[in-house]
Amino acid sequence: MGARDEEAFEQLSKDLEALEEKPITDEVWLGAARLGHTLRRNGITVPLPDLLIAQVAIAEKLVLWRAHEHFERSRERCP
C-alpha cells in the first residue's frame, strides 16, 4: 500500500483513520477463518490479510476492487 503523491497520501491517511473507528469484530475474524477454510478445501490458499479484506467486504456489502487474482478465484469458488 502506498501513495503516489502527497494528495493521495492525505486521502489514504483519512481512509485509514476511518477504519480505526470500526474494529475488526469476532464475527469478521470467524467469517474470514471460514472463508479461508472453504477456499483451502477448494485448492486456493489466500493470505490472512486478504481474507479479512474479503470478509469485511462481504459483511458490509461492499464492492471489492481487486488487485490480486485470488480474489476473483475466491469469488468463483465460494458462495
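Mentor: Let us begin with Ile24, which counts as partly exposed because its relative accessibility is 42%; buried means under 20% relative accessible area, exposed over 50%, and partly exposed lies in between, with a 1.4 Å probe and protein chains only. Please note that this is a predicted model, in which local features need pLDDT of at least 70, side-chain atom pairs count only at pLDDT 80 or more, and totals for chains, interfaces and linings use all residues. Residues are numbered from 1 along each chain as its sequence is written, and side-chain values use heavy atoms, with hydrogens and water left out.

Ile24 lies in the loop between α1 (6-20) and α2. Helices here are DSSP runs of H or I with at least four residues, strands are runs of E with at least two, and both are numbered from the N terminus. Together with Trp29 and Leu48, Ile24 makes a nonpolar surface patch of about 290 Å². Such a patch consists of residues with over 30% relative accessible area and no salt bridge, and its nonpolar side chains (Val, Leu, Ile, Met, Phe, Trp, Tyr) are joined within 5 Å; a salt bridge is a side-chain nitrogen of Lys or Arg within 4 Å of a carboxyl oxygen of Asp or Glu. Areas come from the Shrake-Rupley method with a 1.4 Å probe, and for residues only the protein chains shown count as cover.

The largest nonpolar core has nine residues, among them Val28, Ala32, Leu51 and Leu52. The elements that give two or more residues to this core are α2 (26-41) and α3 (48-59), and α2 provides the largest share, four residues. A nonpolar core is a set of buried Ala, Val, Leu, Ile, Met, Phe, Trp, Tyr and Cys residues joined through side-chain atoms within 4.5 Å. Leaving aside residues up to four places away in sequence, Ala32 touches Leu51, Leu52 and Gln55, where contact means heavy atoms within 4.5 Å. Within α3, the buried residues are Asp50, Leu51, Leu52, Ala54, Gln55 and Ala57.

Lys61 is exposed, with a relative accessible area of 74%, and its phi is positive, near 55°. Most residues other than glycine have a negative phi.

Finally, the whole chain has four helices and zero strands, and buried residues make up 24% of its 79 residues.

Note on methods: Patches are made of residues with over 30% relative accessible area and no salt bridge: like charges are joined within 9 Å, nonpolar side chains (Val, Leu, Ile, Met, Phe, Trp, Tyr) within 5 Å.
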